[in-house]
Amino acid sequence: MDNIISVTTENNQQIKIEVLDIFSVVGYENKDYILYTQNKEVDDDNIQAYISILENNDGNYSLAAITDDKEWIEVQKAIQEMEDEVNE
């Protein structure tokens, strides 16, 4: 596993995650979004992945939930664009 960081969850729990990608979203440029995993298998070919807002406070990383519906739609669009680029 590469790109492992420690983050604090909304419940103040410290966890290690593997960063799959960090990206920005049009209209929400003041935020960083993170696609990450804890390497839990969904089935033989897939692992569970998550998306959160990544907050960096002087090197101390924390995760925040995406609670706004409009923001979530834009995040989904950004993920779809990344997927489309990979499949080209």
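**Strand pairing and the barrel**

In which sense do strand β1 and β2 pair, and over how many bridges? In this predicted model, strand β1, formed by residues 4-8, pairs with β2 in the antiparallel sense, over five bridges. In general, the strands of a sheet pair through backbone hydrogen bonds, in either a parallel or an antiparallel manner. Within this pairing, V7 has I15 in β2 as its bridge partner.

The strands build a closed barrel of five, which runs β1-β2-β3-β4-β5 with mixed pairing. From one strand to the next, the twist averages 55°. Helix α1, residues 69-87, packs on the sheet and touches β2, β3 and β4. The direction of helix α1 makes about 65° with that of β2.

**The aromatic pair F23 and Y33**

Two aromatic pairs are found in a search of the whole structure. In one of them, the ring centres of F23 and Y33 are 5.9 Å apart and the ring planes stand at 25°, so the pair counts as stacked. F23 belongs to strand β2 (residues 14-23) and Y33 to strand β3 (residues 32-43), so the pair ties together parts that are 10 residues apart in sequence.

F23 has a relative accessible area of 8% and is therefore buried, the cut-off being under 20%. Y33 is also buried, at 0% relative accessibility.

**The aromatic pair Y36 and Y50**

Y36 and Y50 form a stacked aromatic pair, with 5.4 Å from centre to centre and 25° between the planes. This pair links distant parts of the chain, 14 residues apart: Y36 lies in strand β3 and Y50 in strand β4, residues 46-57.

Y36 is buried, with a relative accessible area of 8%, whereas Y50 is partly exposed, with 27%.

Terms used
Residues are numbered from 1 along each chain as its sequence is written. This is a predicted model: local features need pLDDT of at least 70, side-chain atom pairs count only at pLDDT 80 or more; totals for chains, interfaces and linings use all residues. Side-chain values use heavy atoms; hydrogens and water are left out. Rings of Phe, Tyr and Trp (its six-membered ring) pair if their centres lie within 6.5 Å; planes under 30 degrees apart count as stacked, over 60 as edge-to-face and the rest as tilted. Helices (H or I, at least four residues) and strands (E, at least two) are DSSP runs, numbered from the N terminus. Buried means under 20% relative accessible area, exposed over 50%, partly exposed in between (1.4 Å probe, protein chains only). Two strands pair if DSSP finds at least two bridges between them. Axes are lines fitted to C-alpha atoms, for helices over the stretch in contact, and angles run from 0 to 180 degrees between N-to-C directions. Contact means heavy atoms within 4.5 Å.
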